[in-house]
Amino acid sequence: MTGKIDAKLESLGITLPEASAPAANYVPFVQTGDLVFISGQLPASPDGLMKGKVGAEVDVETAKNAARHCGIALIAQLKAACGGDLDLVVRVVKLTGFVNAVPEFEQHPAVVNGASDLMADVFGAKGAHSRAAVGSGSLPFNVQVEVEGVFQIA
């Protein structure tokens, strides 16, 4: 039987990928007490990593979609941290989004809304979180955005 959050994901047409393995000397998440800190997730679609500089070759809506994909990857890691039971999530505590943007770009919050809106859609009131949306001169593999998160679980 699937849980409420799994059913919500299904109703939204979201299939979680397998939680990705770390690409270097770090772990994908750390749990301390009832908090889970999830390492930055990169935006991957079925076509591969979503690359490009926002404000140059990538527009805000495309980058917002990339941030949503980062959010999906965060939820996949969170599911692994919860032993497969996303109903253990008490709340989304904080998201930090890094936007690979040209220096004059000013719409970082609009981009990171892709991940924030996803958390609200999936977790409802438990998805309300604090947040930072930060501009970055570059990101690994030239991805459009990277998002990390902190979650409280039971």
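Predicted model: local features only at pLDDT ≥ 70, side-chain atom pairs only at ≥ 80, totals over all residues.
Helix α1 spans residues 4-11 and helix α3 spans residues 108-123, and their axes come within 9 Å of each other. The two axes cross at roughly 120°, and α1 and α3 are therefore oblique to each other. On the α1 side, the contact is made by Ile5, Lys8 and Leu9. On the α3 side, Asp121, Val122 and Phe123 take part. Sorted by class, this contact between α1 and α3 has four nonpolar residues and two charged ones, with no polar residues.

Attention now turns to a strand. Thr96 sits in strand β5, which runs over residues 89-100. With a relative accessibility of 12%, Thr96 counts as buried, because the cut-off for that class is under 20%. Which residues does Thr96 touch, not counting those up to four places away in sequence? They are Ala132, Glu146, Val147 and Glu148.

Finally, the cysteines can be considered. How many disulfides does the structure hold? The number is zero. Cys70 is in no disulfide, and the nearest cysteine sulfur to it, that of Cys82, is 19 Å away. A disulfide calls for a pair of cysteine sulfur atoms within 2.5 Å. Cys82 is likewise in no disulfide, its nearest cysteine sulfur being that of Cys70.

Terms used: Residues numbered from 1 in each chain as written. Heavy atoms only, no water. Axes fitted to C-alpha atoms, helices over the stretch in contact; angles between N-to-C directions. Helix = DSSP H or I, 4+ residues; strand = E, 2+ residues; numbered from the N terminus. Parallel < 35°, antiparallel > 145°, perpendicular 65-115°, else oblique. Contact = heavy atoms within 4.5 Å. Nonpolar A, V, L, I, M, F, W, Y, C, P; charged D, E, K, R; others polar. Buried < 20%, exposed > 50% of the residue type's maximum accessible area, 1.4 Å probe, protein only.
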